[in-house]
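Dear colleague,

Please find below the structure that I am handing over to you.

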Amino acid sequence: MEINRKSPASVAPTTRTGETSRAEAPKQKPLTVRDGFETRGARPNNFVDRPTGRPAAPAGSVPASAFAFGSSNVAVKPDANKVVDAKKVDPSQPKPKPSGDPVIAVIDGGVDFKHTDLDDAMWTNPGEVAGDGIDNDGNGVKDDIHGFNVGTGGGDPFKGDGTDHGTHVAGIIAAEDNGEGNTGIAAGKAKILSVGGLYDGADLLTNFERSVDYLVNLKTEQGVNIRAANASFGNTYRSPADQERWTAAVQKLADADILLVAATANGNGSNMNNVADMPANIDLPNVITIASMDKNNDKLARFSSHGDKVVDLAAVGEDVLSTVPGNKWEEMSGTSMATPTVAATAARMFAENPDLTAVQVRDLLIKTVEQDADLKGKVITGGKLDIEAAIQAAKDTVVAKPEQPAVATR
Ligand SMILES: [Ca+2]
Ligand SMILES: [Ca+2]
Ligand SMILES: [Ca+2]
Ligand SMILES: [Ca+2]
């Protein structure tokens with residue numbers, strides 16, 4: 001099944017670049033960023049070799065006061081990650097019910113929200129006035145129009161490291177069906193909320209916690225229809241305390257009914273079954289973990305890890321064409337690219353039936369996989385993403401509502 005947006009007819013030939021070195025797919029392991037930055041030669045130095053998942057933040061580069069969440073960018077305890085600056089909420093007031101297009105949060109390097117293939121696909125914060133330097137909606141972040149920069153604490157997600165990666169991931173989900181570049185699987189059916197700056201400021205875990213707090217606050221207090229978060233990142237965390245923090249943050253997403261779509265490692269065939277790979281291997285029902293198929297959707301991609309106790313399914317993540325900053329498109333490879341195909345399919349499913357929960361969508365994604373003998377013993381389901389079957393399964397859950405009996409008004 002062709003599931004990539006690589007139809008030659010949809011590709012602007014003059015904008016395709018970076019094809020020469022794709023064969024250089026990920027070599028480092030573990031890679032925190034789950035794709036082949038090697039393919040582009042633009043990988044920031046601090047993406048490489050971070051065995052603890054804790055890139056050193058440039059000392060003093062980010063003042064603690066710049067953060068909306070937490071009290072410091074070092075030695076943050078779990079309890080410190082509260083939304084400290086958000087306005088007081090009157091608990092007697094009813095919470096707004098999320099509605100509208102499903103919003104998919106891309107927690108990553110920032111998305112180029114001005115990209116011509118993404119600008120109409122971005123979530124826009126209805127409670128925020130752009131550029132006035134005021135936190136109009138009182139969520140603790142000034143001018144957070146299209147998302148949040150967890151690295152700086154500011155409202156401009158498109159700053160810092162990994163913007164090519166984040167922009168690529170976003171395009172796989174929702175690049176516009178506009179006759180240029182690629183078309184995202186959920187084009188026109190979902191909005192992208194960029195939580196950028198994941199590789200700036202604090203360490204990955206702390207930044208993830210802050211990202212979660214931002215998203216959960218938006219959903220529960222403001223009714224933003226955040227249905228899934230894409231996690232094309234991860235690393236091994238051996239400390240039980242760190243593992244607890246990861247799990248607590250993902251539990252917060254679960255409590256807010258947000259699906260976490262997580263990439264397994266690019267470990268060149270490594271087995272992740274007994275590895276504390278966070279957040280991919282967290283055993284919560286709102287987490288679905290993805291390995292990468294090759295470009296033919298035939299076998300696991302050679303760069304992908306696997307694990308028949310921890311990885312749910314596989315999806316194509318090799319040579320995927322998508323958006324990169326500056327109105328360009330490139331092909332990239334990695335579990336980072338496989339993961340947003342699943343997040344986008346989930347978005348389509350939420351669009352078909354907004355009453356589905358994150359856990360229900362996860363279950364349907366798993367039940368509708370296409371079995372593949374090459375995946376036996378490699379992933380839990382022994383199967384790969386079947387986009388059409390998953391969307392159809394979501395459609396099939398829609399129960400025709402009986403007509404309301406007419407009530408005579410007097
Ligand atoms: Ca705000
Ligand atoms: Ca503002
Ligand atoms: Ca397009
Ligand atoms: Ca096969």
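Predicted model: local features only at pLDDT ≥ 70, side-chain atom pairs only at ≥ 80, totals over all residues.

Residues are numbered from 1 along each chain as its sequence is written, while chains are lettered from A and ligands numbered from 1 in the order in which they are written.

The core. The largest nonpolar core has 103 residues. Such a core is a set of buried Ala, Val, Leu, Ile, Met, Phe, Trp, Tyr and Cys residues joined through C-beta atoms within 7 Å; buried denotes 20 or more other C-beta atoms within 10 Å of a residue's own, with C-beta atoms placed from the backbone. Ile173, Ile192, Val261, Ile290 and Ala346 have the most contacts inside this core. Its largest share, nine residues, comes from α4. Helices (H or I, at least four residues) and strands (E, at least two) are DSSP runs, numbered from the N terminus. Leaving aside neighbours within four places in sequence, Ile192 is in contact (C-beta atoms, placed from the backbone, within 7 Å) with residues including Ile104, Trp123 and Ile173.

Helix α1 with α4. Helix α1 (residues 163–174) packs with α4 at an angle of about 40°, their axes being 8 Å apart. Axes are lines fitted to C-alpha atoms, for helices over the stretch in contact, and angles run from 0 to 180 degrees between N-to-C directions. Among the residues that meet are His165, Val169 and Ile173 in α1, and Met337, Pro340 and Ala344 in α4.

Helix α5. The buried residues of α5 (residues 358–367) are Ala358, Val361, Arg362, Leu364 and Leu365. Seen down the helix axis, these fall within an arc of 165° (taken from the directions from the axis to the C-beta atoms), so they line one face of α5. They pack against β5 (226–231), β7 (259–263), β9 (287–293), α4 (335–352) and α6 (387–396). With α6, the packing angle is about 135° and the axes are 9 Å apart. Here Leu364, Leu365 and Lys367 in α5 meet Ala390, Ala393 and Ala394 in α6.

Val212. This residue is found in helix α2 (residues 204–222). Val212 is buried, with 27 other C-beta atoms within 10 Å. Neighbours within four places in sequence aside, Val212 is in contact with Ala249, Lys252 and Leu253.

Yours sincerely

Definitions and conventions: Buried ≥ 20, exposed ≤ 12 C-beta atoms within 10 Å, placed from the backbone. Contact = placed C-beta atoms within 7 Å.
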